[in-house]
Amino acid sequence: MKNLLLFLILICSVTVMAQERPTLYLIGDSTMSKKKDPDKNPEHGWGQVLPELMSSEINIQNHAVNGRSTRSFIAEGRWEKVKEQLKPGDFVFIQFGHNDQKVNDPARYTNPFTQYRSNLEKFVNETREKGATPVLFSSIVRRNFNEAGVLVDTHGQYPLVVRMLAKDLDVPFVDLQLLTEQLEISYGPQDSKQLHLHLEPGEDPYEPRGVTDDTHLSKKGAKLVASLALQEIARQDLQLKNYILPQVLSEKILREVPVGEVEYSEKVPWRKALAQDENWYAGKEARRIADNVLLYQHHNGGWYKNKDMSVELSPQEKEELKRLSAVDAGTTIDNGATHTQLRYLARVYKATGKEAYKKAFLKGVDFLFEAQYPNGGWSQFYPIRKGYYEHITYNDGAMIGVMRLLRDIAQNKEPYSFVDAKRKRKAAQAIEKGLEIILATQVKVDGKLTAWGAQHDKETLQPAKARAYELASLSGKESAEIVRYLMEIENPSEEVKKAVQSAMQWFDEAKVMGKRVEWIKGEHLPEGRDRVLIEDPDGGPLWGRFTEIGTNRPMFIGRDGVVKYKLEEIEHERRTNYSYIDNYAEDLLKEKYPAWQRKHTSQK
């Protein structure tokens, strides 16, 4: 009996100890939240890495969610869910602000000095009522360096309100705006990209087109920000310091960079040449690449495709390029050619003032004017190459890339302010004609506007066949790029609005749900990998690169030109080297189109 009593006492003691184990709750936005598929997703919230930096003696529950403001977090019942679980001895990390700033979104925007402050007070007071400890955080900074290499604030009054509230209510406060500003500056305009998401196409499964994101954090950035936050908690001698791993407290986070010195990588690949800090374009490496760009330019002002402009060229190679520049070898706008070189030259000219770069730029712009069809379209190659190359080409962003450049010139955007008034007028006329052909080529099915093909016949304007595996169809990928361009028009006409609305209705009707694209690896596979389409209840939306006109069925076409309706039925080489189905328009359907609708369809 005595032993039984001791056993029960022991069990009760263990239960009480387990109940007394504190929980750290995180409430906030995407910069703090835990991401889906963390092993695959390069985006990380700083709260996501806290379990790696803290003792297992404390539970951590991350309730931060992408896109939430104080208003939407409360409205969706997320705070009530956290509050119901709070018990004495717990902690709540509170960080909002990025989305409270969104003045055009009534579901999220809050005035910093009124509703934003009031919502923060609610979190603090109700946490304390539960016997738990609130800790306020200001928002992390965005990587926003200006041309002089100075980090410029984007948060306005929101961090100030958090500081004031923390003082007024005597709440522990971690100034993450200050700490992350110091972190960004210590890394500098160039190396600070490591802290965020600067990824090439194919590096991020969630953004197949690549991504440049200076708000959200990479895994490295998230870990450094979390470590800074915990070090500040320890410095303030808050009770939470007892749960921080010793190695975190001893780690040196900030770099020591002498004032006025900015370090740049010696070599930059051509694929990243447009993703550098503005100051880089005045440097030796930028000028070396620009000199290569001049050598590769054809006598008519255009460039060939798939040429690495950043390679080191021998004297013999340079002489050969000078000779080839006078040979008609097929200048093009395919695969980013010509408009990418022009954007690069404009940046280097602005930074250096070297007239040769300006002259080459203007010659290239004249090439684009000359290459435009009278109806407004652009072919893949100019001078015209017979065959599918003469189609009006949306494929791989060819025509849209040209139109975006010309639009920037017409609107006198930097770094194109040096362009003369006559060319700016011609650029404006060119994009107006380009818009006309975009609207004219939107495919009608049973009298209803839908989407666009990857290429269209220059005479009939109907979707046209290119290579054997690129049949006439509606293209999810190219149509998404066209819609993005149309949505960027500041004051769209009713015809443009109708085109966007019709295309988005098509995207909604043609989307594939319940499936996802996945890369698999294995020694038994050719080249050790394969791309497959698998069943997933949470998968989608996906769209076919080639979608059958009339049925909206994704088509999978190998080099034999035969239409299949399953990805696994075409050859391995095509599956792994060509994108047939992906989430091309997911961002449009979920975010950009609803915002565009609010802006343009509510106006009277």
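Start by selecting Glu481, a residue of helix α16, which covers residues 476-487. The model on screen is a predicted one. Glu481 counts as buried because its relative accessible area is 18%, under the 20% cut-off. Show its side chain together with that of Arg484: a polar contact of 2.7 Å links the two.

Select α19 itself, residues 586-600. Its buried residues are Asp587, Leu588, Tyr593, Trp596 and His600. From first C-alpha to last, the 15 residues of α19 reach 20 Å, close to the 21 Å expected at 1.5 Å a residue.

Then move to Glu184, in helix α7 (residues 176-191). Which side chain of opposite charge is nearest to Glu184? That is Arg143, 5.1 Å away. Glu184 is buried and has no salt bridge, because a salt bridge requires a nitrogen–oxygen distance within 4 Å. Display His196 as well: its side chain and that of Glu184 are joined by a polar contact of 2.6 Å. To finish, show the other residues around Glu184; leaving aside those up to four places away in sequence, it touches Val141, Arg143, Phe145, Leu151, Ser192, Leu195 and His196.

How values were computed. Residues numbered from 1 in each chain as written. Predicted model: local features only at pLDDT ≥ 70, side-chain atom pairs only at ≥ 80, totals over all residues. Heavy atoms only, no water. Helix = DSSP H or I, 4+ residues; strand = E, 2+ residues; numbered from the N terminus. Buried < 20%, exposed > 50% of the residue type's maximum accessible area, 1.4 Å probe, protein only. Lys, Arg positive; Asp, Glu negative; His and termini not counted. Polar contact = N/O pair within 3.5 Å; in protein donor to acceptor, adjacent residues only side chain to side chain. Contact = heavy atoms within 4.5 Å. Expected span 1.5 Å × (residues − 1).
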